[in-house]
Amino acid sequence: MGAVLEMMTAIRAGLILTTTLMMSCSAISDSGVVGQVVGAVTGAEAPPVGQQINASEDDLLDNPGTFLRVNIRDLDRWTTMVKAGENGTRTTWIGGDGISITEENGVLAATRGLPRDIMGADTAATWQAIRAGGGTVQKRMDFLDDQDQILARVLQCRIVSAGSDPVNRLQRTYPATKFEEECTGEGLSLTNVYWLNPSGRMIRSVQAVSPDAGFLQIDVF
Amino acid sequence: MQRSVFLGSSAMTLVLGLAASAQELPTTYSIYGTPGLLEMPVATTAPEGTLAGTLSYRDGLFQAVLDYQLTPRLSGSVRYAIIDLYDGTAAGIVEDEFERGFDLKYQLVEEGSYVPAIAIGLRDFLTPGRLQSEYVVASKSIGDSLVVTAGLGWGAMGSEGGFDNPISSRADRPVFDESEPGGQSASDAWFAGDAAVFGGLSYQINDSWGVQAEYSSIAYAADAFAPAVEVESPYSIGVTYRQSDNLQLSLSALNGTTLAFSGTYMLNANTRPGRAGLETAPAPVNLRSNSARQATTWDRSATPPESLRSALAATMAIEGLTLTGLELTDRTARARFINRRYRSNAQAIGRAARMMSQIMPGAIEVFILEPEDEGIGLSSARIARSDLEALENRPGAAADLLARTEFDHAGNDATLADAQADAAALSWGFAPFVELSGQSGGLTADAGVRLNASYAFSPQFILSGTIGQSLLRNDAEDPGTDATPELQNVRTDGGFYGDDGFPVLERLTLTHFGRPADDIYSRVSLGYLERMFGGISAEVLWKPVNSRFGLGFELNEVAQRNTDMGFGFDEYDYSVTTGHLSAYYDLGGGYHGQLDMGRYLAGDWGATLRLDREYQNGVRVGAYVTQTDVDPDSFGEGSYNKGVVVSIPQDFLTGQPTRRAYGTTLRTRSGDGGARLRVDGRLYDVVRDAHTADLTDTWGRFWR
């Protein structure tokens, strides 16, 4: 019953928001769909249509677990993301520019809104190897090809610890251990880099999406 | 935010899809618009799926050619040419004759380490074939940059330094009888008469620049009805510049007499400039709690169905989807919606399903999604909500979900609660248009603006019309002589229509769409159906959702409109009963066939066969041919209607989600025989992309 009430509250809040958005911007462009949906569904944290989510440094630091800062290397652009949904241990984050990422323990499971998304990827083995201090794993990554077909690539990955490597951000230094994951597969080779804080939580990573979408640097706050 | 210190520490390379063949040198296109040297063909091929449009000019010969590499070995071309021709005495010259033609080429042998590529081809192989040639050609690359080509040509390609045909049984080449109708297969001339040797070199200096040298076997002799092109020497040289993978420009000095220019724009149907698409992310699946999932019913007073309906409508609208109906039970939700945004209905279904996961009470375990168009439910996809939850963002999710999704015909209309409370019944807009058409006598252009308006009495019952105002037509284009006096001028008088510069009523129709039975669709259109005809058109289509086969029947009773394109029909006093039995078949492997049998506008009986190569990303290249009981002599030039149809979805080029497409039909001519009514809303095009075969083709987009 509580869940239903919660949903209805959200729907009501969302409808007000959605209606407002639709009235203020009759030609809703594709940008900001996610933001609208977040707003429409959760009634909270809705970024304005097509605009970046504005979070100050204090917002980032004072609300751990609320924001991601993602640098889309190919576009040389930073975007702030908020939680859009959780599916088990996988969390989907979305930014005001219509790009979403899904991660599990910080390891990238999927992206949406990039020129060539990861449609779905294994993450568990990589995470286990990181937790074990290194290892060799196999993982599958799915992409969408130019014929709307799923292109699956099975990668052999070697994960090694690169030792202590503090993370600097927002004028602060965080102790961290750096891990590198080198993967190769048919027509594909890539290197991901992860930084874990002493409690074993990933606070930063640079992860490959695809040749058309490049790398994402993901900072977890 | 501080820039990271590890920018250079990561490296990634990735080739998605199948790597290109071993052929590394770029394909260069000749001024004849096919892979070649300057005027002569080569044995190498363009990558499969390449569409190349070429415009070229040399003295007395302007060409616009579309070349298409259908399979790795087979390619075909359509050519529109404006040629100066010698007259029947070979003494005078008739300038700017408009000619159409087709080429075919087949690669017999692929290039190996020691073996050259070998191809056989026909150029301009239908009558009258002013450029008609046949050839066998071999090309071999030497090193990374040089390709050597040598070949044997017949016809026009056998005219410079020609010798007795090595095929002794075909020593004499028949001369085309100008009194015979054109557009026939000229097979008695193929590989007949003298043969001659041609060849050349192509050297690629770097990624952008290449040079060609050619010894041509086309003499351009001053014969009756032959192209009036001056030639002093068989030797020619040229240079090509590739600005990108998509554009080739070339300049050549031909035959010691003239300069030639050509530009080729290339597009590969397998390589989408818009990549996998740039549309924004979808809403994620909303995971239910365990307790919510185990519920077997939901509290309708706490969660009124009307609230769910309006919430779903609002959230689906964000995705460009219009919810038109919703049926809720304890465990199922059936949503019918119109997709106006995504080329792929699978993607629309995927987005709608995720929105439903956000809105629907936890007890609802089954989502049934029904795409709608023209007011009719086209199909249904039955998806388990727990599958959505379990598969989201998992490798193999698309294939796994497809295997578990049940497709069927759309459900009952009556039990759907209407969700479209205030659907806009009237819509209208202006749109500019540009049209090129080639009738006898050359190419004509038209441009102007159109006012489109429609009013929906109900989603299935629509009044719509188009008023056009041409900005260029000033009574300038009159049809030539009537080549088919025996036939009513159902198309050849097209140039008279709307040519006085006043706004014209292009279309004004009252249309009703229906689905009288589960797998049967219907359409009735009444009014001014097209520019030249008005009347009534009725169609039924049987097309089961899970079948690759469809059968349709159309019957029209129409009268020819007045040329002022007003409301009148008295100018011609011509009416006809026309209609077709149509069979549609998805042959698999990206090939689609259609056979129409029946009576055409001029009262002639016959059939049209159409074959399309359709890529899953929506690029389509098709060809059709119509043969009717009209005597070819009556038919005039062209003999029978045939043409090539090309359609490229906008999202292929831009990556932005849209259902629009760019398309064109390249006809050899719009003759009076084999002419079909051009009525809007033919049912097969309305229903097929929501049926299982098409949904499966683009199912990879479900989760996008």
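1. A:Asp219 and A:Arg169 form a salt bridge, with 2.6 Å between the closest N and O atoms; the term covers a side-chain nitrogen of Lys or Arg within 4 Å of a carboxyl oxygen of Asp or Glu. A:Asp219 sits in strand S14 (residues 214-220) and A:Arg169 in strand S9 (residues 167-169) of chain A, so the pair ties together parts 50 residues apart in sequence. Strands here are DSSP E runs of at least two residues, and helices are H or I runs of at least four, numbered from the N terminus.

2. This is a predicted model, where local features need pLDDT of at least 70, side-chain atom pairs count only at pLDDT 80 or more, and totals for chains, interfaces and linings use all residues. Side-chain values use heavy atoms, leaving out hydrogens and water, while residues are numbered from 1 along each chain as its sequence is written, and chains are lettered from A and ligands numbered from 1 in the order written.

3. Are the two partners in chain A buried or exposed? A:Asp219 is buried at 0% relative accessibility, and A:Arg169 is buried at 3%. Buried means under 20% relative accessible area, exposed over 50%, and partly exposed in between (1.4 Å probe, protein chains only).

4. In chain B, B:Arg450 and B:Glu506 meet in a salt bridge at 2.8 Å, N to O. The pair links strand S22 (residues 442-458) with strand S24 (residues 504-517), 56 residues apart.

5. B:Arg704 and B:Glu279 also form a salt bridge, at 4.0 Å, and both residues are buried. They belong to a salt-bridge network whose members include A:Asp117 and A:Asp148.
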